[in-house]
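These are my notebook entries on one protein chain. I record here what I looked up and in what order.

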Amino acid sequence: MVELDHSFATGKPADYNWDAVLDLERVIPCVEGGRLIELTGPDSAKAEIKLKMGAMSMKFKGTVEVAERDQSAHTATLRVKSREEGGQGYANADVTFALADGGGTIHTAAQITGKAASMGEGVMVSVLDALIKDFTEKLAAI
């Protein structure tokens, strides 16, 4: 299990940030290499992500769902479950947002197995860290 915490700024009101995070059509493409395949419900979608880890390139396919939400507290958890295409590994994560006027925080708890995990925790943390930082910059733009 890898856990990471990030804060981010959007310069937008909490309600705007809330709507953006819960809009899977807008939020999934904010992840580098992320692509929405199809919405499967109001709070769930099929998605894929192409990851580069050093010289390796991997594609994971799976689901993203809004697992928890508390509008009054402006907190929400997106649950990601994915399998490595053509491999044995998986990448699952609970991504919890605490939103406020101007931005918020993201807590990521990820479980990764297979080729990605074989690169070592240090590599996984740096790749996830870069993904989340890039994500927060794109989130500010939507």
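**Entry 1: a first pair**

With which residue does Lys-61 form a salt bridge? I looked up the pair and found Glu-85 as the partner of Lys-61, the closest N and O atoms being 3.5 Å apart. I note that the model is predicted. The pair links distant parts of the chain: Lys-61 lies in strand β4 (residues 56-70), and Glu-85 lies in the loop between β5 (75-84) and β6 (90-100), 24 residues apart. I then checked accessibility. Lys-61 is partly exposed, at 37% relative accessibility, and Glu-85 is also partly exposed, at 42%.

**Entry 2: a pair across the sequence**

I turned next to Lys-138, which forms a salt bridge with Glu-32; their closest N and O atoms are 3.0 Å apart. Lys-138 belongs to helix α4 (residues 121-141) and Glu-32 to the loop between α2 (24-27) and β2 (34-41), so this pair ties together parts that are 106 residues apart in sequence. Lys-138 has a relative accessible area of 29% and is partly exposed. Glu-32 is partly exposed as well, with 43%.

Asp-129 is partly exposed, with a relative accessible area of 21%; the cut-off for buried is under 20%. Lys-133 is partly exposed at 44%. I then searched for salt bridges that share partners, and these join Arg-35, Glu-48, Lys-59, Lys-61 and Glu-85 into one network.

**Entry 3: charges in total**

How many salt bridges does the structure hold? I recorded 13.

**Entry 4: the whole chain**

Finally, I looked up the overall fold. The protein chain has four helices and seven strands, in the order β-α-α-β-β-β-β-β-β-α-α along the sequence. Its radius of gyration is 14 Å, close to the 14 Å given by the globule rule for 142 residues, so the chain is as compact as a globular protein of that length. The C-alpha trace spans about 40 × 30 × 25 Å along its principal axes. Of the 142 residues, 39% are buried. The chain exposes about 7300 Å², and carbon and sulfur atoms supply 52% of that area.

How values were computed:
Residues numbered from 1 in each chain as written. Predicted model: local features only at pLDDT ≥ 70, side-chain atom pairs only at ≥ 80, totals over all residues. Heavy atoms only, no water. Helix = DSSP H or I, 4+ residues; strand = E, 2+ residues; numbered from the N terminus. Rg over C-alpha atoms; globule rule 2.2 N^0.38 Å. Buried < 20%, exposed > 50% of the residue type's maximum accessible area, 1.4 Å probe, protein only. Areas by Shrake-Rupley, 256 points an atom, 1.4 Å probe, with all protein chains shown as cover. Salt bridge = Lys/Arg side-chain N within 4 Å of Asp/Glu carboxyl O.
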